[in-house]
Amino acid sequence: MICPYTSASQNQRLFACARAGLAVAIAVILTACTTIPDQFHGTALQREQVSSPNFDVRRPSFVIVHHTGSDMAERALATLTSGERAVSAHYLITRDGRLVQLVDERMRAWHAGESWWAGITDMNSASIGIELDNNGEETFAEMQITTLLALLSDLRDRYKIPAANVLGHADVAPRRKTDPSHFFPWKRLAEQGFGLWCEAPDGAAPPYVTSAFLLQAIGYEIADLPAAVLAFRRHFLGSPDAQPSSAELNQDERSLAYCLVQQRGR
């Protein structure tokens with residue numbers, strides 16, 4: 001910056017220079033404050049943008065899949081963008097495959113709530129939340145799953161998210177949540193590299209390894225073991241929530257859990 005010329009004393013010239021510098025600094029600050037990007041940081045896929053006020057800053061290394069529990073996408077969208085409800089997700093995928101971004105991926109959306117996975121106690125800080133327009137009592141629409149797979153592929157490419165880090169809300173909050181429901185096609189996702197899956201494992205779990213150890217090794221919180229068992233069955237066996245749970249896996253389930261533990265360690 002060049003100070004304006006003045007014939008006054010040196011002190012006056014210095015004051016004029018400082019005042020000019022302050023004016024420039026204020027102009028820069030005001031420009032920075034008023035220049036707001038018109039695009040979220042997020043996927044390059046075709047999408048709509050509807051801002052939700054409910055977020056703070058975080059870095060993603062997981063993806064958490066939800067279902068909205070609603071019969072209408074518009075109703076779910078209203079909830080996810082309500083300041084009073086204080087809940088949000090980064091993306092909503094409607095039944096017809098429309099992708100709506102609600103929160104910048106760099107920000108911490110409020111979708112997982114009280115949660116735990118593999119020792120992480122705040123999944124909101126580490127994850128991208130994806131809501132699927134589904135009432136929890138229906139199969140997931142084909143166009144919706146097609147969009148979800150495209151979004152997951154895009155997120156994996158940009159953030160290097162491991163397959164094992166694609167989870168359901170019920171996996172990280174088994175005592176409170178059941179979404180996505182037992183209708184969710186986890187096997188299909190795993191075939192595309194999203195989430196763990198084992199098909200008819202051959203090896204049995206060592207007899208001295210407990211159900212609690214196996215589930216915790218996969219990532220589940222075991223403070224409420226029956227809830228963890230139910231979440232495991234919902235995710236990997238497609239068991240409906242009406243099925244009674246117990247604190248123990250049966251022999252076939254133990255073999256499946258042991259296979260998943262081995263996959264997660266690779």
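Reader: Where is the place of Pro180?

Author: Pro180 belongs to the loop between helix H4 (169-172) and helix H5 (186-191); helices are DSSP runs of H or I with at least four residues, strands are runs of E with at least two, and the numbering starts at the N terminus. The peptide bond leading from Asp179 to Pro180 is cis, with omega near -5 degrees. This is a predicted model, in which local features need pLDDT of at least 70, side-chain atom pairs count only at pLDDT 80 or more, and totals for chains, interfaces and linings use all residues. Residues are numbered from 1 along each chain as its sequence is written, and side-chain values use heavy atoms, with hydrogens and water left out.

Reader: Why does Lys160 count as exposed?

Author: The relative accessibility of Lys160 is 65%, and exposed means over 50% relative accessible area, buried under 20%, and partly exposed in between (1.4 Å probe, protein chains only). Lys160 sits in the loop between H3 and S8, and its phi is near 55 degrees, a positive value in a residue other than glycine.

Reader: What makes Ala118 partly exposed?

Author: Ala118 has 40% relative accessibility and therefore counts as partly exposed. The residue is found in the loop between strand S6 (107-109) and S7, and its phi, near 50 degrees, is likewise positive in a residue other than glycine.

Reader: Why are H7 and H8 called roughly perpendicular?

Author: The axes of helix H7 (residues 225-237) and helix H8 (residues 251-264) cross at roughly 75 degrees and come within 12 Å. Angles of 65 to 115 degrees count as roughly perpendicular, those under 35 as roughly parallel, those over 145 as roughly antiparallel and the rest as oblique, so H7 and H8 are roughly perpendicular to each other.

Reader: Which residues of H7 and H8 meet?

Author: Phe232, Arg233, Phe236 and Leu237 in H7 meet Glu253, Leu256, Ala257 and Leu260 in H8, where contact means heavy atoms within 4.5 Å.

Reader: Which residues have the most contacts inside the largest nonpolar core?

Author: They are Trp117, Leu215, Tyr220, Phe232 and Leu260, in a core of 29 residues. Such a core is a set of buried Ala, Val, Leu, Ile, Met, Phe, Trp, Tyr and Cys residues joined through side-chain atoms within 4.5 Å. The elements giving two or more residues to this core are S3, helix H6 (211-218), H7 and H8; H7 gives the most, with 6 residues. Beyond four places away in sequence, Leu215 touches residues including Tyr220, Val229, Phe232 and Leu249.

Note on methods. Axes fitted to C-alpha atoms, helices over the stretch in contact; angles between N-to-C directions.
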